[in-house]
Amino acid sequence: MKPTERFRQRYVAFSLAVEGKPPSATEAKRLVHEHFLSFFGELGIASLAFKLVSYEEGSGMGIVRCERSAVEETILCMALLSEWEGRSARMEPISTSGTIRRVSRK
Amino acid sequence: MIDLVIAEGMKKSPGISRVVPVSKASNFFEVRCAQDAKSAARGGRALAYFPSYEADEGALVELARGGGAVVFSLSDLLGQRGFKRGILISKMRLLVAAARKRGCASVVCTLARSERELRTGRELLAFACVIGFCDVEIKKSARLAEELVG
């Protein structure tokens, strides 16, 4: 694919907590996928080029990828997480960048 | 950026310069009917919050004349799921467009009832973008909130 045809990606670093503690990797993956799917829908997820890039169980820090034009929607989606399976949850966006390296540094 | 909240004694989130309870803002009005809208607009420089996000043109024109603004609350979305949340976002977008058409300004805040509902400045910015604010309106909104709250 030509570089001009490729979608422009952005990486958003976040911190995740369920009842004040970082969830396990399995639970975090399920939570993030289901929350984004609930907000965007199947077609929206496809348009977003969404991917959970990484998640660190100890600190609750993770990185998601999205399309450049949908960064604000992605951040709002994170902000709208307030509970998960009856427990209070919070997904706070930390930083945004075009590369994983830079967003991890911030 | 200022954040308007319902509860008192809340701490600031990152990106928020000041947290102001609505009880301290004398020009904040919750508008439930046309009469409330007229009372709010009469005072001038009012912050009008429409819980149903439905406002008639007359109310918006009066608000615009008085130099006031319509308030959009992020915590209203936190209490909803699925289709209902989608409908609420849609209503907010329509109200933003209607306010813009009538020359009325708009302001975003959390109207948080607890610490759990507080959000950062970046998240409020994203909320404003998604409900239809353009870049100019976002800057104006931040400045106007400071002026109207005082």
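Why does Leu47(B) count as buried? In this predicted model, in which local features need pLDDT of at least 70, side-chain atom pairs count only at pLDDT 80 or more, and totals for chains, interfaces and linings use all residues, Leu47(B) counts as buried because 25 C-beta neighbours lie inside 10 Å. A residue is called buried if 20 or more other C-beta atoms, placed from the backbone, lie within 10 Å of its own, exposed if 12 or fewer do, and partly exposed in between. Residues are numbered from 1 along each chain as its sequence is written, while chains are lettered from A and ligands numbered from 1 in the order in which they are written.

Leu47(B) is found in strand β4 of chain B, where strands (E, at least two residues) and helices (H or I, at least four) are DSSP runs numbered from the N terminus. Leaving out residues up to four places away in sequence, Leu47(B) touches Ala25(B), Asn27(B), Phe28(B), Phe29(B), Gly68(B), Ala69(B), Val71(B), Val107(B) and Leu148(B), a contact being a pair of residues whose C-beta atoms, placed from the backbone, lie within 7 Å. Leu47(B) is also among the residues with the most contacts inside the largest nonpolar core, which has 82 residues; such a core is a set of buried Ala, Val, Leu, Ile, Met, Phe, Trp, Tyr and Cys residues joined through C-beta atoms within 7 Å.

Strand β4 belongs to an open sheet of 4 strands in chain B, with the order β3-β4-β5-β6 and parallel pairing, two strands being paired if DSSP finds at least two bridges between them. The edge strands, β3 (28-30) and β6 (105-109), each pair on one side only. Strand β4 (residues 47-49) is joined by 3 bridges to β5 (residues 69-73), and within this pair Ala48(B) has Val70(B) as its bridge partner.

Helices α1 (residues 34-43) and α2 (residues 57-65) of chain B have axes that come within 9 Å and cross at roughly 10°, the axes being lines fitted to C-alpha atoms, for helices over the stretch in contact, with angles from 0 to 180 degrees between N-to-C directions. The two helices, α1(B) and α2(B), are therefore roughly parallel to each other, a term for angles under 35 degrees, whereas those over 145 count as roughly antiparallel, 65 to 115 as roughly perpendicular and the rest as oblique. Ala34(B), Ala37(B), Lys38(B) and Ala41(B) of α1(B) meet Ala59(B), Glu62(B) and Leu63(B) of α2(B) in this contact.

In chain A, 5 strands form an open sheet in the order β2-β3-β1-β5-β4, with antiparallel pairing. Strands β2 (51-56) and β4 (83-84) of chain A stand at the edges with a single partner strand each, so one side of each is left without a neighbour in the sheet. Strands β2(A) and β3(A) pair over 5 bridges, and Lys51(A) has Arg65(A) as its bridge partner in β3(A).

Between the chains, 13 residues of chain B are in contact with 11 residues of chain A. On the side of chain B that touches chain A, α5(B) gives the most, with 6 residues. The buried residues of helix α2 (residues 71-79) of chain A, among them Ile75(A) and Leu76(A), pack against β1 (9-18), α1 (25-48), β3 (61-67) and β5 (87-97) of chain A together with α5 of chain B.

Terms used: Contact = placed C-beta atoms within 7 Å.
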